[in-house]
Amino acid sequence: MQAKKRYLTLFSAGACLILVFCFGGIQVPLARGPGRRDDRGVAGHRPGARWRHFPGSLQPFRRWEQDWSDDPDEHASPRGNRDANSGLYGGKRCRMDSCFNFTLCEKNGFKVYVYPQQKGEKMSESYQNILSSIEGSMFYTPDPGQACLFVLSLDTLDRDQLSPQYVHNLKAKVQSLHQWNGGRNHIIFNLYSGTWPDYTEDLGLDIGLAMLAKASISTENFRPGFDVSIPLFSKEHPRTGGERGYLKHNTIPPYRKYVLVFKGKRYLTGIGSDTRNALYHVHNSEDVVLLTTCKHGKDWQKHKDARCDRDNAEYDKYDYREMLYNSTFCLVPRGRRLGSFRFLEALQAACVPVMLSNGWELPFSEIIDWNTAAVIGDERLLLQVIPSTVRSIHQDKILSLRHQTQFLWEAYFNSVEKIVLTTLEIIQDRVLRHTSRSNLMWNSLPGGLFTLPQYSTYLGDFPFYYAKLGVKPYTKFTAIVHVVSPLVSQSQPVMKLLVAVAKSQYCAQVIVVWNCDKPLPAKHRWPVTSVPVIVIEGENKVISSRFLPYDTIPTDAVLSLDEDTVLSTTEVDFAFTVWLSFPDRIVGYPARSHFWDGSKERWGYTSKWTNDYSMVLTGAAIYHKYYHYLYTTYLPASLKSMVDQMSNCEDILMNFLVSSVSKLPPIKVTQKKQYKETMMGQSSRASRWADPDHFAQRQTCMNKFASWFGTMPLVHSQMRLDPVLFKDQVSILRKKYRDIERL
């Protein structure tokens, strides 16, 4: 009986608990996985809250203050009150939908305004490079009334109070800005925050509703879909251009002299010391070389420990660059802050980064899949896991990781300009969500900066993704003939050219861009062809109008032609069949080259017929029509104006653009000896070859273009593609392109 009473008592108590729970008397917190980001910061979420009822239609945006203060029964915790007063956490719950005014972007699109620099305000070179990159971009507007996003002219990069670059009284200066509006639609760039000894992420000002583009930001403080994590870069980081990666050739198997390396400071006390102090346990002086030194700072000897002298001696034996370029993996442990210069150094050297910085929101994590380019480790498992993990990675995976480091370095990180433009493009994708880039666009060649979603959101409309999609380009081309001379005779070269091109089995239509000062000829003056011939009057009669993205181009391929070009139908057919295998490059006949003139310290242009070339002129070349869109929208107006004023160099500029995107040389097809002599012999005023200033102008163009690109994008090649059996001693009947041999 006693047992029955105990069971009845337990049963009654359990029933009571269930009833209490069902009626809301007990709140049971949801279990959270250790790696799951806290989603309490998502707009509209409160623990235990019911779904909201929205009367009427949704507004474009809500005021942040209203969004979080409409429940009088909700009380903030002590930590919440502390965070609310902090400069960093002032808008911790901000998201684009709650803290960004989209209506500012509706009229003029995504435009960025930079405040004018105030008198007497100091500015670091790095911040000046950031502002210059914005002002030189297609996003910039000098009119704040047209802006969607605002950037401070006050230097916010270094918020370490002990730094000489620290700007005092920044909070008051920011609050006095006319357009500040609590920080809404503003972005603040920052590399360093906090100071010794804690190095917190406090910026020393209330950022309000502004976005942060911050280095070394933690996942705890990062606001997903609102902030942007950027890499930590040095003041020597180039503003434009930037060096290419150091992976010159693939080695199979892809192992280097060292498996894992690191060389850097060891902190004897304070934050960031634990991981680096433990590296000596893994160091073996053979294939795992992890070197630290405590010889830094003014008073390092006061804190030196028993290992300092031995570590310093070992540290001095190795050259850092030699280690970097000869290691398969590079350790990137946290320093005083979560980020480190070692990160970008490893990427450039094709040394796969091994990340040891728990809680670091990796740079551009919103768009980059870092699992394809880095090994992300755990600081707590340094001794147990890291050495065995990197040794177990298969050589195929190593090669893939290494290739991705080079792509990411060159696409997003090798200059301040690319870091800034990537940041702005990420924000633009958030604002214009219907035309945002896909993950594939960001994580494969040529990268998100060169695949503009305003052109198309379908991958098959770009020249870069045919292989990935398993499709081929459309097997027809559109010929665009640039005409600047009046029609005076049916025997003019342009008339013969139109007939020859129209006979090609791959020609869909011919577009004549009429840039002549004379009126358009009557329709009956043009030759009768089997394909449509559309005559378009050039916009403003400038030479760049030949590269406009005309809606009348229905094909992927464009055959660009000068009016005095001499090509046979067979040559056109062969060039197009070659292009079908290389749709991201320029394929054509007239080749030119560039060289560095050491005596004049400038780039030179040469038309000498050698086995080496770096350009294929657009007077007889095939390329993807997407490059017309890039030429028109991506290149600055200053370069296009220069080309139009000289009526020269547009072909060089197109080669610069395509090589900058593809990182590859153009492709020359079968040598045509008559091409040069024919062009030189033209008596028409359309021929520019006899102009003595023509060559000098092209030399000037080469250097102007290289200056804007920040580097020389042209790539030399010695490859020429000929038809099968070309010039072989066999019967002409066995050859597909027979007419080419007779030229």
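A: We may begin with a pair of cysteines in this predicted model: C330 and C351 are both buried. These two residues are joined by a disulfide, with an S to S distance of 2.1 Å. The torsion about their S-S bond is about 105°, so the link is right-handed. It connects distant parts of the chain, since C330 belongs to strand 10 and C351 to the loop between helix 11 and strand 11, 21 residues apart.

Q: How many disulfides does the structure hold, and what is the pairing of the bonded cysteines in sequence order?

A: A disulfide is a covalent bond between the sulfur atoms of two cysteines. The structure holds five disulfides, and the pairing in sequence order is 1-2, 3-4, 5-6, 7-8, 9-10.

Q: Is the link of C94 and C99 left-handed or right-handed?

A: The link of C94 and C99 is left-handed, with -80° about the S-S bond. Their sulfur atoms lie 2.0 Å from each other, and both cysteines are buried.

Q: How is the packing of two helices read, and at what angle do helix 13 and helix 14 pack?

A: Two packed helices are described by the angle between their axes and the distance between the axes. Helix 13 and helix 14 pack at an angle of about 80°, their axes 7 Å apart. That makes helix 13 roughly perpendicular to helix 14. Helix 13 contributes E410, A411, Y412 and F413 to the contact, and helix 14 contributes K418, I419 and T422. These contact residues comprise four nonpolar, one polar and two charged.

Methods. Residues numbered from 1 in each chain as written. Predicted model: local features only at pLDDT ≥ 70, side-chain atom pairs only at ≥ 80, totals over all residues. Heavy atoms only, no water. Axes fitted to C-alpha atoms, helices over the stretch in contact; angles between N-to-C directions. Helix = DSSP H or I, 4+ residues; strand = E, 2+ residues; numbered from the N terminus. Parallel < 35°, antiparallel > 145°, perpendicular 65-115°, else oblique. Contact = heavy atoms within 4.5 Å. Nonpolar A, V, L, I, M, F, W, Y, C, P; charged D, E, K, R; others polar. Disulfide = S-S within 2.5 Å. Buried < 20%, exposed > 50% of the residue type's maximum accessible area, 1.4 Å probe, protein only.
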